[in-house]
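Here's a quick briefing to read with the structure open beside you.

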Amino acid sequence: MGDQGIKPKEQFVHSVFESIAGKYDLMNDILSFRRHKAWRKFTMRKMNMKRGDSAVDLCCGTCDWSIALAEASETGCVMGLDFSAGMLEVGKRKVEERGLQERISLIQGNAMNLPFGDNSFDYATIGFGLRNVPDPVQVLNEMKRVVKPGGMVVCLELSKPMKQPFKGIYFFYFQRVLPLLGKLFAKRYEQYKWLPESLALFPDREQLAVIFRETGLQKVESFPLTGGIAALHIGLKENSNV
C-alpha cells in the first residue's frame, strides 16, 4: 500500500481544514457546546507545566492549545506545527494578538515526519488531530522521539461514549445533527459529515491507551471527558537517568 493508501486521506483532510479554517473556532464552540475549552483546562492541570518548559504542539490548528502552553510555561518556547496554511494563518493572528510571537513559532509540516531532533522538548501534544493522521502509531512514535527523557506525550481527542442511553443520544447528535449544524453555520455539509466518519475507525479510549503503552510510553493514564465523548491520554518517555 505505502503512500498509495496514505496520500488520499492526507489530501482530503488537508482540503477539509483549508476550507473550514475561517469558521473553525466558531464551529468548535457550537458543536462541542464550548466543552473543548474545559477539556483543555483539565488537560493543562494534568500536565502541570513548570516555568521554562518547552513544548511542541502537533496539528496545532488555530493555536488555542499552543497559546495555553506558552502562557503556562511563562518563559518556555512552544513550537506549533500544522499542515494547513489556512489554519496556521488564523493561529498566527491569535498569537500576535496575545503578544506571544517571540515564544511561539509556527511551522507548516507533517506530524508523521517531524522536522525536529531527538529529545528536543519537555512536552509533545496533539489536540483533536490524531484521528485525522494516516498512521496514529507513527505520529505517537514521532512524539515520543522528540520529547526529552522523562518528557510527556499528551493526546486530547474525541472518543466514544460506552454507556447507554447517553451513547445512543450522543451518536444521534454526532451523526445526524452535527453535519446539519455545519451546513447551517459554516456552509459546509460534507466536511462536517466527515467528522463522525473520522471517529468510526479510531480506537476507543482503552484501545488508545494500549497503543500508548505499545509505543513504549510509561505511566500511561487515560481520562474520559464529558461522558466519554472526548478522552485525554498521557504517557511518559523513559528516563534512564532515574
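This is a predicted model: local features need pLDDT of at least 70, side-chain atom pairs count only at pLDDT 80 or more; totals for chains, interfaces and linings use all residues.

A search of the whole structure turns up 2 cavities of 30 Å³ or more. UniProt, in an unreviewed entry, puts a "binding site" at Thr-62, Asp-82, Asn-110 and Ala-111, and the lining of the largest cavity includes Thr-62, Asp-82, Asn-110 and Ala-111.

**The largest cavity**

- The largest cavity has a volume of about 430 Å³.
- Its lining is made up of 31 residues, and those nearest the centre are Cys-59, Cys-60, Asp-82, Gly-127 and Gly-129.
- Asp-82 therefore turns up both in the "binding site" record, which may be inferred rather than shown by experiment, and among the residues nearest the cavity centre.
- Helices α1 (3–20), α2 (24–31), α3 (35–47) and α4 (64–73), along with strands β1 (55–58) and β2 (78–82), each put at least two residues into that lining.
- The most comes from α1, which gives 3 residues.

- Buried or exposed, what is Ala-111? Ala-111 counts as buried because its relative accessible area is 5%, and buried means under 20%.
- Asn-110 comes out as partly exposed, because its relative accessible area is 35%.
- The side chain of Asn-110 reaches the backbone nitrogen of Met-112 at 2.8 Å.
- Leaving aside neighbours within four places in sequence, Asn-110 is in contact with Glu-10 and Leu-81.
- With sequence neighbours within four places again left aside, Ala-111 is in contact with Leu-58, Cys-59, Leu-81, Val-139 and Glu-142.

**Asp-122 on strand β4**

- Asp-122 has its place in strand β4.
- A polar atom of the Asp-122 side chain lies 2.8 Å from the backbone nitrogen of Ser-54.
- Setting aside neighbours within four places in sequence, Asp-122 is in contact with Gly-52, Asp-53, Ser-54, Lys-148, Gly-151 and Met-152.

**The largest pocket**

- About 510 Å³ of space lies in the largest pocket.
- The pocket is lined by 27 residues, with Leu-31, Ser-32, Leu-158, Leu-178 and Leu-195 nearest its centre.
- Each of α1, α2, α3, α7 (166–186) and α8 (190–200) supplies at least two residues of the pocket lining.
- Which helix gives the most to the pocket lining? That's α7, with 6 residues.
- Helices α1, α2 and α3 are among the suppliers for the cavity lining and also for the pocket lining.

**Aromatic pairs**

- The count comes to 5 aromatic pairs.
- In one of them, Phe-116 and Phe-121 have ring centres 5.3 Å apart and planes at 85°, so the pair is edge-to-face.
- Phe-116 and Phe-121 are both buried.
- Tyr-170 and Phe-171 also make an edge-to-face pair, because their planes sit at 70°, with ring centres 5.4 Å apart.
- Tyr-170 is buried, with a relative accessible area of 8%.
- Phe-166, Tyr-170 and Phe-171 are linked into a cluster by ring pairs.

Technical notes:
Residues are numbered from 1 along each chain as its sequence is written. Side-chain values use heavy atoms; hydrogens and water are left out. On a 1 Å grid over the protein atoms alone, a cavity is a set of points where a 1.4 Å probe fits but cannot get out, and a pocket is an open set with protein on both sides within 12 Å along at least five of seven lines; lining residues have an atom within 4 Å of a point. Buried means under 20% relative accessible area, exposed over 50%, partly exposed in between (1.4 Å probe, protein chains only). Contact means heavy atoms within 4.5 Å. A polar contact is a pair of N or O atoms within 3.5 Å; within protein, one must be able to donate a hydrogen and the other to accept it, and residues adjacent in sequence count only if both atoms are side-chain atoms. Helices (H or I, at least four residues) and strands (E, at least two) are DSSP runs, numbered from the N terminus. Rings of Phe, Tyr and Trp (its six-membered ring) pair if their centres lie within 6.5 Å; planes under 30 degrees apart count as stacked, over 60 as edge-to-face and the rest as tilted. Grid points are joined across faces, edges and corners, and a volume is the space filled by probe spheres set on the points.
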